[in-house]
Amino acid sequence: MNIILLGAPGAGKGTQGDILAKRVGLPKIATGDLLRAAVKAGTLLGQQAQSYMDRGLLVPDEIILGLIEEKLGSKDARHGAIMDGFPRTIAQAEAVDGFLSSRGDQIDSVVAFEIQDETLIRRMIGRAGEEGRSDDTSDAIRKRLQVYREQTAPLLQFYEERGVMARIDATGSVDEVAASVAKAIPS
Ligand code: ADP
């Protein structure tokens, strides 16, 4: 089973992805975490990605697609995966469709996290203090929200039209949102 968690930065996809991964027994693949690990390790890929991330821009598709195909093709993901932060563009969505269909697989469910901008900004500013992420400055946060609206939000319609999408209210507590995710993706 392949599941996508779709939503703006700060919507809680990472937290819910961990809970869902444990419940359904699939690995979570978070492209942001993979990129941050590459930056920390100082790999060439990390060096290429960092300047985009710090500015709140999307990392180019060729970098992301290599990363995701490696993870989706790994033994851990042979029964599927939960994708957090990917796809973020229509081109990425089409590429993952192609990759999955080449092995007779598909995207089964998309959970869309719905939440207002003010709540997102509040959460991200709070998180900046705790995690010290270099892209949690107010300029980068604003840019990431703009990039989400322009480049990622069109995926809502893309998956809606395929009939695989469930929209959930992402404003409640972690437990409340987890319950909504569980309704959308029963074990
Ligand atoms: P957030 O959802 O809070 O922005 P992420 O950890 O998902 O946090 O992403 C952090 C940054 O990593 C993004 O702003 C972007 O630069 C990069 N990134 C993550 N996933 C992708 C992706 N699928 N395509 C392009 N860039 C990505």
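1. Let's start at the ligand: one of its oxygen atoms sits 3.2 Å from an N or O atom in the side chain of Arg-133. This is a polar contact, meaning a pair of N or O atoms within 3.5 Å; within protein, one must be able to donate a hydrogen and the other to accept it, and residues adjacent in sequence count only if both atoms are side-chain atoms.

2. A word on provenance: this is a predicted model, where local features need pLDDT of at least 70 and side-chain atom pairs count only at pLDDT 80 or more, while totals for chains, interfaces and linings use all residues. Residues are numbered from 1 along each chain as its sequence is written, and side-chain values use heavy atoms, with hydrogens and water left out.

3. Back to the ligand, where nitrogen atoms also find partners. A polar backbone atom of Gly-85 is 3.0 Å from a ligand nitrogen, and a polar side-chain atom of Gln-92 lies 2.9 Å from a nitrogen of the ligand. In total 19 residues surround the ligand (a heavy atom within 4 Å of it); the closest are Thr-31, Arg-36, Leu-57, Gln-92 and Arg-144.

4. Do check the peptide bond between Phe-86 and Pro-87: it is cis, with omega about -5°. Pro-87 belongs to the loop between β3 (81–84) and α5 (90–101); helices (H or I, at least four residues) and strands (E, at least two) are DSSP runs, numbered from the N terminus.

5. Now the helix packing. Helix α2 (residues 31–41) and helix α4 (residues 61–72) have axes 11 Å apart and pack at about 105°, the axes being lines fitted to C-alpha atoms, for helices over the stretch in contact, with angles from 0 to 180 degrees between N-to-C directions. The pair is therefore roughly perpendicular (65 to 115 degrees; under 35 is roughly parallel, over 145 roughly antiparallel and the rest oblique). Thr-31, Leu-34 and Leu-35 of α2 meet Ile-63, Ile-64, Leu-67, Ile-68 and Lys-71 of α4, contact being heavy atoms within 4.5 Å.

6. α2 also packs on helix α3 (residues 44–54): their axes come within 8 Å and cross at roughly 115°. Among the contact residues are Gly-32 and Ala-38 of α2 and Gly-46 and Ala-49 of α3.

7. Lastly, the axes of helix α6 (residues 117–131) and helix α7 (residues 138–152) come within 11 Å and cross at roughly 140°, so α6 and α7 are oblique to each other. Among the residues making this contact are Asp-117 and Arg-127 of α6, and Arg-144 and Arg-149 of α7.
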